[in-house]
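Have the model open as you read.

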Amino acid sequence: MIETEKRILSFLVTCRLFRPEDNFHSDHERERAFSATFTHTLYYLAQVNAALGHSKIGAMYCHTTLRRQLETEQYDPVDWAVNCATLSQYYITQGNYILARHCLGMYLFSFCKLLFTHTLVNKPILRKGLSKC
């Protein structure tokens with residue numbers, strides 16, 4: 001057990017969040033960074049579970065990741081929308097049409113938001129994403 005604890009401590013020391021020299025950051029900045037790291041962890045858990053064939057668990061982690069990204073506003077809108085559409089396809093294959101519809105609704109919401117954001121309307125990636133519709 002002590003070896004495991006040493007490995008965990010070694011890992012945490014290598015993380016940028018837990019270094020003493022980061023004390024100059026405010027509590028808000030530290031909390032935001034920790035939240036982003038937690039969201040990335042959920043993303044990685046989704047990927048690992050999907051790769052291991054645990055689709056249901058992977059989809060749950062993916063859904064939670066997308067929700068956290070939306071809540072914290074830490075996401076790329078185009079990637080986020082595409083991930084919602086992809087997740088909806090999984091839910092359709094599982095017969096969960098309510099969640100599939102919800103994900104597609106969020107996909108459309110994200111693209112509508114992009115269309116009405118004047119700074120993003122002229123970006124080529126937006127046109128590329130819309131051409132797939």
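## Ground rules

Helices here are DSSP runs of H or I with at least four residues, numbered from the N terminus. The expected span of a helix is 1.5 Å times one less than its number of residues.

This is a predicted model, so to speak of local features takes pLDDT of at least 70, side-chain atom pairs count only at pLDDT 80 or more, and totals for chains, interfaces and linings use all residues. Residues are numbered from 1 along each chain, and side-chain values use heavy atoms, with hydrogens and water left out.

## Helix H5

H5 covers residues 97-115, and its 19 residues reach 27 Å from first C-alpha to last, close to the 27 Å expected. Its buried residues (under 20% relative accessible area, 1.4 Å probe, protein chains only) are Ala-100, Cys-103, Met-106, Tyr-107, Ser-110, Phe-111 and Leu-114. They span an arc of only 130° around the axis, going by the directions from the axis to the C-beta atoms, which puts them on the same side of H5. Over on the other side, Tyr-97, Ile-98 and Arg-101 are exposed, meaning over 50%.

## H2 against H3

The axes of H2 (residues 27-51) and H3 come within 7 Å and cross at roughly 155°. That makes the pair roughly antiparallel, a label for angles over 145 degrees.

## Gln-69

Gln-69 is part of H3 (residues 55-72) and counts as buried because its relative accessibility is 18%. Leaving out residues up to four places away in sequence, Gln-69 touches Thr-39, Gln-74, Tyr-75 and Trp-80, where contact means heavy atoms within 4.5 Å.

Technical notes
Helices (H or I, at least four residues) and strands (E, at least two) are DSSP runs, numbered from the N terminus. Axes are lines fitted to C-alpha atoms, for helices over the stretch in contact, and angles run from 0 to 180 degrees between N-to-C directions. Angles under 35 degrees count as roughly parallel, over 145 as roughly antiparallel, 65 to 115 as roughly perpendicular and the rest as oblique.
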